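Student: Could you take me through this structure one feature at a time, giving the general idea before the case at hand?

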Amino acid sequence: MTIIAKSDQTSALDLESEDSKPHSKISIKDNSYWNNFYSSKNVPSIPSPFATSILSSIDKSKTLVELGCGNGRDAFYFARNHIRVIALDLSKEAIHINNSFQHDNVKFVQADFTALQQEFKNVGNVYSRFTLHSVDYESYQRTLDWCFQSLQKNGLLFLEARTVNDPLCGVGEKGEYKGEWITTHYRRFMEIKDVMEDVQQRGFELLHASENFTDSWYGDDHAVVYRITAKKIE
Ligand SMILES: C[S@@+](CC[C@H](N)C(=O)[O-])C[C@H]1O[C@@H](n2cnc3c(N)ncnc32)[C@H](O)[C@@H]1O
């Protein structure tokens, strides 16, 4: 399937699936979990605390690409706040539901964000919330490479994901690699210092990095997260 999305800030997006592209096997395995999750209707639709906290830092004159948008809670929030958004998710169900709520500023596309190549150029903002812990270490590294390559100079990167201090780290079946734990689905917990290093090594300047112990709680899920804002300085 080929999906073309045009915007004035990005080149044509051609997400034709090719076996030769590296994909996240974990994400493909978890895909039915996420499809069921988004069909369940018990998904929060209010914007995440991370989205509201970074809204004023986004370069609103430029498109924002969201990696793993889920039910679009943050994509719609950014769109309502006059930001042009291209929001990607692997879940066909999520994209189908999101597309039934139209907003001129947002385009939803089913895609594996770990398999992106040259589809976007000169992106102004990349946003990823609770998705980098959903992919294996190699896919995470590939995604950071893609972020650096696709952002324009002074482009901004916004990341939030679970750290090793999250109470779910250590719950479920232990995965094969560092920080991996599997319950109903896969999670990979990281130390914030490692993410900061991975981001800086690629040529980003850290504008903000913090570990947040309370702001991302939702119901019984007392998530502990890293929050990073970085600028491509090269
Ligand atoms: C924990 S949810 C977060 C959703 C949303 N960002 C939010 O904060 O509500 C993780 C999302 O990442 C998506 N996802 C996981 N791996 C993916 C991949 N490789 N490519 C695209 N989406 C992916 C899942 O389908 C799911 O919607």
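Tutor: Over residues 65–155 the chain is 33% helix and 27% strand, where helices (H or I, at least four residues) and strands (E, at least two) are DSSP runs numbered from the N terminus, and the end C-alpha atoms of this stretch are 11 Å apart. UniProt, in an unreviewed entry, places the feature "domain: Methyltransferase" at residues 65–155; such positions are given in the numbering used here, feature names are shortened, and annotations may be inferred rather than shown by experiment. This is a predicted model, in which local features need pLDDT of at least 70 and side-chain atom pairs count only at pLDDT 80 or more, while totals for chains, interfaces and linings use all residues. Residues are numbered from 1 along each chain as its sequence is written.

Student: At what angle do helix 1 and helix 4 pack?

Tutor: Axes are lines fitted to C-alpha atoms, for helices over the stretch in contact, and angles run from 0 to 180 degrees between N-to-C directions. Helix 1 and helix 4 (residues 92–99) pack at about 30 degrees, with their axes 7 Å apart. They are therefore roughly parallel to each other (under 35 degrees; over 145 is roughly antiparallel, 65 to 115 roughly perpendicular and the rest oblique).
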